[in-house]
Amino acid sequence: MFDANSPTTAQRRQKSICILHNPHSGKKEAAGGAQALKDAFAKHGLAPKITELDPKRDLTSTLQEVVAEGHDTIVAAGGDGTICGVAQALKGSSCTMGILPRGTFNYFARSLGIPEDLEGAVEVIAHGHKRDLRVAMLNDRVFLNNANFGLYPQILRSREEVYDFWGRSRVAAYWSALKVLFRWPRPLELDIVADGQRTTVRTPLVFVFNNAFQLRQMGMEGAECIRDGQLALMIAPDYGRWGMVRSSLAVLLGRASRDRDFHLMCSDSFELHGRRKRLLVARDGERARMKGPFRLHLSEDALQVIVPTDFGDATR
């Protein structure tokens, strides 16, 4: 769709691309900085503006300034949390989003076939094509991969502590999960409403997925729900600490079994009512304390993303 050899295209893109770079995402020794980004784009005759994200500043305000400057392609350079935040800010706008995966797991980018190395990801932005992708909502907030309640937000809190000490890696992420499992916070009591039916559960963990690729990577069922245009909700049985440790290890090893390690529900939308007024919730790895009830559904507004030329109509 884009001709990199056309001076007109290159000039237009030089004026229109802005990279929102999270320098704190991923492994610091491998991430590189603004100069690495400039060098990678320069190989394609592109010179985008690079804005480093300030964690103390609201991302929406930064996006409003970038859009006002006339940039029609906004590139999110960071992990899944950063990409989700940019998607939230771009929702309802006419901007196209590019992806430079710089995180630990990079589920969103990998589900689109975007390479995790910088050169490969820049190649996609330079030569890829635009594709409308669906996003999911937790109340008024976007999530691209998953939203979760219970143990997992606690695991994310522990993960940041482990990362600060050991650095960012998948091993550190798994270790932080085991630490929380052995502390065993109190399970949630929830009413889940789907398709007019109300189910009451006691569970340590609820995951709602909007990414079939992530489910397949975890060796879990539910990708067919997403393929059929629905969300997949996973409920962990309340087996106690050791049962949850066993189930978690089964998930990590790709050996999780439906009805033993998790229960699956598929629907266009879910509504969760908790006994507590506020719950710690995570969306694509970012934590926030939110007030219920929690409505999870697919948005009517598509997100326009630059994807590889060979990415067709496969379920993401």
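Trainee: Starting with Cys 84: is it buried or exposed?
Mentor: Cys 84 is buried, at a relative accessible area of 2%. Buried stands for under 20% relative accessible area, exposed for over 50%, and partly exposed for in between, with a 1.4 Å probe and protein chains only.

Trainee: What kind of model is this?
Mentor: It's a predicted model, where local features need pLDDT of at least 70, side-chain atom pairs count only at pLDDT 80 or more, and totals for chains, interfaces and linings use all residues. Residues are numbered from 1 along each chain as its sequence is written, and side-chain values use heavy atoms, leaving out hydrogens and water.

Trainee: What does pLDDT average over the chain?
Mentor: The average is 84, and 80% of the residues score at least 70. pLDDT is the predictor's confidence in each residue, from 0 to 100.

Trainee: Where does pLDDT stay under 50?
Mentor: Over residues 1–14, for which the model has 21 contacts beyond four places in sequence. A contact is heavy atoms within 4.5 Å. Where pLDDT is low, the predicted coordinates should not be read in detail.

Trainee: Back to cysteines. How many disulfides does a search of the whole structure find?
Mentor: One, taking a disulfide as a pair of cysteine sulfur atoms within 2.5 Å. Cys 225 is joined to Cys 266, S to S 1.7 Å.

Trainee: Which parts does that pair tie together?
Mentor: Cys 225 is in helix α11 (residues 223–227) and Cys 266 is in strand β13 (residues 263–267), so the link ties together parts 41 residues apart in sequence. Helices (H or I, at least four residues) and strands (E, at least two) are DSSP runs, numbered from the N terminus. Cys 225 is buried, with 2% relative accessible area, while Cys 266 is partly exposed at 27%.

Trainee: How many residues of helix α5 are buried?
Mentor: Eight of the 11 in α5 (residues 80–90), so it's mostly covered. Among them are Asp 80, Ile 83, Cys 84 and Leu 90. Just after α5, Gly 92 takes a positive phi of about 85 degrees.

Trainee: What about α7, how many are buried there?
Mentor: Seven of its 10 residues (118–127), so the rest of the structure largely encloses it. Leu 118, Val 122 and Ile 125 are among the buried ones.

Trainee: Which residues touch the most other members of the largest nonpolar core?
Mentor: Ile 19, Ile 74, Met 97, Leu 100, Phe 108 and Val 305, out of 44 residues. The largest share of this core, six residues, comes from α7. A nonpolar core is a set of buried Ala, Val, Leu, Ile, Met, Phe, Trp, Tyr and Cys residues joined through side-chain atoms within 4.5 Å. Leaving aside neighbours within four places in sequence, Leu 100 is in contact with residues including Ile 19, Phe 41, Leu 118 and Val 122.

Trainee: Last topic: in what order do the six strands form the open sheet?
Mentor: β7-β6-β17-β14-β9-β10, with antiparallel pairing. β7 (141–143) and β10 (197–203) are at the edges with a single partner strand each, so one side of each has no neighbour in the sheet. Two strands pair if DSSP finds at least two bridges between them. β14 (residues 269–274) and β17 (residues 294–298) pair over four bridges, and Phe 270 has Leu 296 in β17 as its bridge partner.
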